[in-house]
Amino acid sequence: MDRLEHLDKHLADELAQVARETIRDELRRQTRKQRRTAMLYAASGTVALYAGAALSLAVGLALALAMPDWAAALITAALLAVAAYALRGAARPKHPSTHHADGGHGTGATPPGGPGTGIPPMPQVAPGVPGAAGAATGAPGTGVPGPGTVAPGRMSAPAPRADDVDPENPQYRA
């Protein structure tokens with residue numbers, strides 16, 4: 001009986017080693033493929049940077065035909081600065097929005113309490129009597145939480161649906 005247990009243990013060790021080697025080989029293959037893709041993206045970005053530099057040089061030289069060289073260089077630099085500022089503004093929201101249970105857009109009035117205030121947040125709807133009319137709809141006063149509210153006994157709100165997520169809200173950025 002001891003011999004069979006020894007064989008079982010030996011077989012299990014060999015299978016584990018084969019599985020580890022197979023997984024290691026697969027991960028190496030995937031890593032090589034991802035490394036190649038990353039290098040191609042980096043090369044593409046580098047070439048795009050040089051293309052932008054050549055374009056700005058061409059704009060500067062074209063302006064230099066009609067005005068002094070220093071003025072053409074100054075105008076080109078100003079155009080690039082305006083483009084950079086516009087791109088930065090497009091990447092960042094103009095004003096931070098707060099995510100509310102009413103679909104992700106606040107009305108401007110913030111209920112007292114919340115993170116960092118030391119006061120528990122105020123509920124959106126007063127608790128109702130369970131089993132009252134409209135209990136299955138989640139209507140106010142029914143005791144059944146509607147979408148985006150915390151059910152009794154739960155510690156947090158349910159996960160937001162795809163149409164409730166505001167991509168401009170920093171809470172949802174990776």
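Trainee: Why is Asp 13 called partly exposed, rather than buried or exposed?

Mentor: This is a predicted model. Asp 13 has a relative accessible area of 41%. Buried means under 20% and exposed means over 50%. The value for Asp 13 lies in between, so partly exposed is the term.

Trainee: What makes Lys 9 count as exposed?

Mentor: Its relative accessibility is 52%. The cut-off is over 50%, so Lys 9 passes.

Trainee: How do you know that Asp 13 forms a salt bridge with Lys 9?

Mentor: Their closest N and O atoms are 3.7 Å apart. The rule asks for a distance within 4 Å, so the pair qualifies. Both residues lie in helix α1, four residues apart, about one turn of the helix.

Trainee: What makes Asp 25 and Arg 28 a salt bridge?

Mentor: The closest N and O atoms are 3.9 Å apart. That is within 4 Å, so the pair counts. Asp 25 is partly exposed at 48%, and Arg 28 is partly exposed at 46%.

Trainee: How do you know that Arg 29 and Glu 26 are separated by about one helical turn?

Mentor: They are three residues apart in helix α1.

Terms used:
Residues numbered from 1 in each chain as written. Predicted model: local features only at pLDDT ≥ 70, side-chain atom pairs only at ≥ 80, totals over all residues. Heavy atoms only, no water. Salt bridge = Lys/Arg side-chain N within 4 Å of Asp/Glu carboxyl O. Helix = DSSP H or I, 4+ residues; strand = E, 2+ residues; numbered from the N terminus. Buried < 20%, exposed > 50% of the residue type's maximum accessible area, 1.4 Å probe, protein only.
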